[in-house]
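Dear colleague,

I am handing over the structure we spoke about, with notes on what turned up when I went through it. Please read the notes beside the coordinates.

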Amino acid sequence: MDDSLSYESFFEGAKKAAHQAMDEHGRREYDTFALFAGVAVEKLAKAVLFSKNPTYLVEMRNGNSDMLLYFGGHLQMDHAKVRTVGAKDAIARLRRLGVLQGDANLDTLIEIRNGAAHTSHDGDEAKGMISPLARSIETLLNDLGENLDIFWGRWADAVRAAVNVRQSEVHRDIQVRIAQARHAFDDRFSRLPHDLKASAISIEPHVTTAGFDYIVEIDGKSYPSSIMTTGGPCPSCTAQTTLIFRMVDRSPGHTQYAPDGISCHVCGLTLGGLDEMAALRDILGPSNEAYEQLRNATHSSFFGWDPDTN
């Protein structure tokens, strides 16, 4: 049988496509992500079918009995004429065998993959498809007895985060984005001298400390609506970040600010909104105290008064 139809070929093809899918998602190329994600699921599904019985790969259309004999190992055929089952049918067969369960999100991913391969797609729907990809891959790997860490390599932690139902969707998304920014940064310097990478990390962002966008008048006094300042180390590449605080309480006598965004000019990681910043502090654990210390120092230097009360 053609080596390209071997278990090893299907498995390695799935692994390569899965890594490419995560790379493309990190580059916000969601159409291409869907294409590679669909290929990864399809090839790994075929690896599972092959591991059970090579004849399960036979495309049943047109009643081609020669194909059945070929996959059974008793007939030689021109490799160019060999056809295997498609992604949807491969998934359907694994559901019949009890390997996969019905999953509307996986079905949608395959449909998006087919659309991305043949027509223009805006990618919005594909953006949120990392979780069904990760869940399906994990289920198939378990059936094969293959190691998830070996399959996903540097993406293993991000994939685990993507399927962790104990965390909120915001937490899962941020952990994946941190990993994507880290890997994109590492890839950028992978073939360059180490000193260049260290030099890039050491460059400070061009931020005017305690800069702000506009002034809010409260009880006859002026306050900045938000404050931009240099932040702590980036959770992806450790370079110094830019941190934004937004006014969350504008009551007379009590003006309070909270972290509302963080961006890194080196690896490109960007988080925004109170929910994402709250999730980031939870992910960072004890180190989130640095945000509170920075907030107090920034407000003290800018206003000369307590950061929470006037």
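The accessible surface of the protein (Shrake-Rupley method, 1.4 Å probe, with only the protein chains shown counting as cover for residues) comes to about 16,000 Å², and 48% of that surface belongs to carbon and sulfur atoms. Please bear in mind that this is a predicted model, in which local features need pLDDT of at least 70 and side-chain atom pairs count only at pLDDT 80 or more, while totals for chains, interfaces and linings use all residues. Residues are numbered from 1 along each chain as its sequence is written, and side-chain values use heavy atoms, with hydrogens and water left out.

The protein has 13 helices and six strands, taken as DSSP runs (H or I of at least four residues for helices, E of at least two for strands) and numbered from the N terminus. Of its 310 residues, 44% are buried, where buried means under 20% relative accessible area, exposed over 50% and partly exposed in between, with a 1.4 Å probe and protein chains only. Among contacts (heavy atoms within 4.5 Å) between residues at least 6 apart in sequence, 57% join residues at least 24 apart.

Helix α10 covers residues 169-188, and its end C-alpha atoms are 29 Å apart, in agreement with the 28 Å that its 20 residues should span at 1.5 Å a residue; the expected span is 1.5 Å times one less than the number of residues. The buried residues of α10 include H171, R172, I174, V176 and F185. Among the elements that the buried residues of α10 pack against are α1 (7-26), α7 (130-144) and β6 (270-272).

In helix α1, Y7 and F11 are four residues apart and are therefore separated by about one helical turn. The whole structure contains four aromatic pairs, a pair being rings of Phe, Tyr and Trp (its six-membered ring) with centres within 6.5 Å, counted as stacked if the planes are under 30 degrees apart, edge-to-face if over 60 and tilted for the rest. Y7 and F11 have ring centres 6.0 Å apart and planes at 20°, so this pair is stacked. Y7 is buried at 16% relative accessibility, and F11 is buried at 9%. Ring pairs join Y7, F11, F151 and W152 into a cluster.

Two backbone positions deserve a look, since most residues other than glycine have a negative phi. R28, in the loop between α1 and α2 (30-52), has a positive phi of about 65° although it is not a glycine, and R28 is exposed at 55% relative accessibility. T238, in the loop between β3 (226-233) and β4 (240-251), likewise is not a glycine and has a positive phi of about 75°; its relative accessible area of 52% makes T238 exposed.

T241 lies in strand β4 and is buried, with a relative accessible area of 1%. The side chain of T241 reaches the backbone oxygen of G232 at 2.8 Å. Leaving aside residues up to four places away in sequence, T241 touches residues including P205, T229, I262 and C264.

Finally, the search of the whole structure finds zero disulfides, a disulfide being a pair of cysteine sulfur atoms within 2.5 Å. For C237, the nearest cysteine sulfur is that of C264, 3.5 Å away, which is too far for a bond. C237 is buried at 5% relative accessibility, and C264 is buried at 6%.

Methods
A polar contact is a pair of N or O atoms within 3.5 Å; within protein, one must be able to donate a hydrogen and the other to accept it, and residues adjacent in sequence count only if both atoms are side-chain atoms.
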